[in-house]
Amino acid sequence: MDFQTILSNFNITELNEMQKASMEAISKPNDVVLISPTGSGKTLAFLLPILELLNSEIEEVQILILVPTRELAIQIEKVFKQMSTLFKINCCYGGHSMTTEINNLLHPPAILVGTPGRVAHHIRHKSLSLKSTKTLILDEFDKSLEFGFKAEMEYIIESCRFLKKRILTSATSLD
């Protein structure tokens with residue numbers, strides 16, 4: 001699916017400057033830090049370019065997106081589904097049915113988005129394998145640290161042994 005078709009799903013004719021810069025940066029082999037105000041289109045700015053990193057032949061989690069809140073997890077899942085790609089996405093977060101999550105992970109999505117506590121739980125209980133996870137996105141990473149997820153995030157990052165790319169996003173200025 002081409003980007004123009006995806007953009008039309010959002011009634012967008014072209015990307016904004018931050019999204020264009022993000023597309024270019026994420027397409028390169030280096031890690032990326034994306035800082036932009038709330039409402040500027042960061043979610044699409046990282047979801048669009050990661051499509052290029054997905055392999056339809058791999059039936060395991062290829063991209064892990066960690067978020068500080070269930071609301072953000074649900075929002076990212078909704079945006080990705082609106083993109084209408086052939087790739088599967090699932091959410092894991094506290095308050096969500098553990099049975100549903102475990103069943104979803106039996107047939108893993110290409111993209112898993114979740115809160116650090118719940119993702120760490122699935123790794124510890126071996127219901128989640130990260131052996132094919134090459135990209136880690138820490139969305140609103142500063143908020144996850146503020147919310148006390150440091151230990152879980154360290155554990156998850158250590159569990160991602162085959163990472164090739166890390167993308168950190170924040171709506172908070174580093175001034």
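The model is predicted, so local features need pLDDT of at least 70, side-chain atom pairs count only at pLDDT 80 or more, and totals for chains, interfaces and linings use all residues. Residues are numbered from 1 along each chain as its sequence is written, and side-chain values use heavy atoms, leaving out hydrogens and water.

Let's begin with the helices, which are DSSP runs of H or I with at least four residues, numbered from the N terminus. Axes are lines fitted to C-alpha atoms over the stretch in contact, and angles run from 0 to 180 degrees between N-to-C directions.

| Helix pair | Angle | Axis distance |
|---|---|---|
| H3 (residues 42–50) and H4 (residues 70–82) | about 55 degrees | 10 Å |
| H5 (residues 98–106) and H6 (residues 116–124) | roughly 60 degrees | within 12 Å |

The angle in the table makes H3 oblique to H4; oblique is what remains after under 35 degrees (roughly parallel), over 145 (roughly antiparallel) and 65 to 115 (roughly perpendicular). Contact here means heavy atoms within 4.5 Å. On the H3 side, Thr43, Leu44, Phe46 and Leu47 meet Gln75, Ile76, Val79 and Phe80 of H4.

H5 and H6 are oblique to each other too. Here Met98, Glu101, Ile102 and Leu105 of H5 touch Arg118, His121 and His122 of H6.

Now for the rings. Arg124 sits over the face of Tyr155, 4.3 Å from the ring centre; this requires CZ of Arg, or NZ of Lys, within 6 Å of the centre and within 35 degrees of the ring normal.

How values were computed: Helix = DSSP H or I, 4+ residues; strand = E, 2+ residues; numbered from the N terminus.
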